[in-house]
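Student: I have a new structure open and would like to learn how to read its features. Could you guide me?

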Amino acid sequence: MSNVFAPSHCPRLIVKIGSALLVDTDGNARREWMQTLAKDIAQRIQSGQQVMIVSSGAIALGARKLGLKNGGRENLCDAQSAAAVGQIALSALWAKLLAEQGLIAAQMLVTLDALEDRRRYLNFTATLDNLLAKGAVPVMNENDSLATDEIRFGDNDRLAARIGQAAAADGMILLSDVDGLYDKDPAQHDTARIIREVRKMDEAILAMADDKSRIGTGASGVGTGGMSSKLLAAKIADMAGMNMAIISGLHDHPLRRVQEGHGTIFHAQRGESRHKGWIGGLQKIQGQLHIDDGAAKAIAEGSSLLSAGIVRIEGQFARGDAVDIIDMHGTAIARGLAEYDVLDSARIIGRHSSEIEAILGYSPRSAVVHRDRMVTL
């Protein structure tokens with residue numbers, strides 16, 4: 001199972017490293033451990049694999065330098081200031097460690113808007129593709145010195161998944177201070193069993209992150225992600241056709257341990273186009289279209305969403321905004337880009353397509369959400 005991340009099977013790999021691995025409890029960078037990871041990355045690149053890094057740790061490093069309480073997370077202003085100080089130190093360290101291996105580091109700081117806005121997203125992917133083609137190692141993080149609660153990913157697990165999807169990566173490895181996904185909380189159940197392989201991201205798998213005892217910030221207390229964020233990342237990865245692994249990084253040369261079969265591997269079963277993968281990973285959802293059972297069946301069979309199948313609308317959205325499509329059970333079954341704004345959509349719900357021109361006064365579009373701009377969830 002570990003071969004799915006070998007260079008021969010995974011030409012493009014993204015590696016996400018949690019804060020708990022990069023920064024010790026005193027707020028110092030774990031330089032020696034990072035050196036072993038840099039060697040792993042160099043070996044993979046020498047084998048023909050393109051590697052990207054999503055590196056946490058900026059806030060934790062900056063908090064120590066500024067002497068801030070609670071790891072720099074006392075308030076938003078402290079977190080942003082800590083990020084500004086810590087990011088330059090973190091980037092310099094990565095540049096030095098990779099240079100020791102003969103590699104060129106390239107820093108890219110990302111905000112939610114950069115991946116939500118289609119034009120900025122395309123610019124980002126073009127730059128990323130060019131850097132990888134020229135042999136550089138992109139080292140990325142959320143731009144925490146600018147991000148606010150309204151415009152942030154909030155955790156680097158989903159950020160890594162979105163970047164991997166944007167880069168058309170073949171695999172994603174989440175290095176953390178946990179061994180992988182367990183069927184029960186191992187701290188409370190002696191019979192807890194690690195799940196080595198996940199073939200389908202269903203409700204049973206997602207429910208394994210509901211126990212809050214398994215969704216901690218890590219032993220260091222400096223991280224923001226947990227098992228919930230990792231499973232959400234796995235959903236994005238599956239949509240993008242990326243295999244994903246959760247593996248403990250509490251060992252030297254952690255990427256070698258992936259090849260040895262440690263951790264949990266999520267095997268991608270889907271693999272949408274870059275455009276549909278982008279839609280599926282959008283986080284700024286502007287509205288909800290509630291549909292009847294007939295429309296839900298049609299979408300499951302690959303059809304567009306027509307006005308006749310819509311029973312209720314929520315939210316405020318313009319044409320081109322992301323909307324979720326909700327079935328009669330309240331479950332989001334698809335996400336897409338609206339072909340009408342909320343006002344026109346409200347005027348035509350439940351109406352046959354042949355009636356729309358008379359209602360709106362202009363030639364109707366073929367669907368409220370076209371199948372080419374929709375992805376099932």
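Tutor: Gladly. Helices (H or I, at least four residues) and strands (E, at least two) are DSSP runs, numbered from the N terminus. Residues are numbered from 1 along each chain as its sequence is written. This is a predicted model, in which local features need pLDDT of at least 70 and side-chain atom pairs count only at pLDDT 80 or more, while totals for chains, interfaces and linings use all residues; side-chain values use heavy atoms, leaving out hydrogens and water.

Student: Where is Ala168 placed?

Tutor: In the loop between helix H7 (156-166) and strand S5 (171-176).

Student: What should I look for in its phi angle?

Tutor: Most residues other than glycine have a negative phi. Ala168 is not a glycine, yet its phi is positive, about 55°. His253 also has a positive phi, about 50°, and lies in the loop between strand S9 (243-248) and helix H10 (254-259).

Student: Is His253 buried or exposed?

Tutor: Buried means under 20% relative accessible area, exposed over 50%, and partly exposed in between (1.4 Å probe, protein chains only). His253 counts as buried because its relative accessibility is 19%. Ala168, at 38%, is partly exposed.

Student: How many disulfides are there?

Tutor: A disulfide is a covalent bond between the sulfur atoms of two cysteines. Here the rule is a pair of cysteine sulfur atoms within 2.5 Å, and the count comes to zero. As for individual cysteines, Cys10 is buried at 0% relative accessible area, whereas Cys77 is exposed at 52%.
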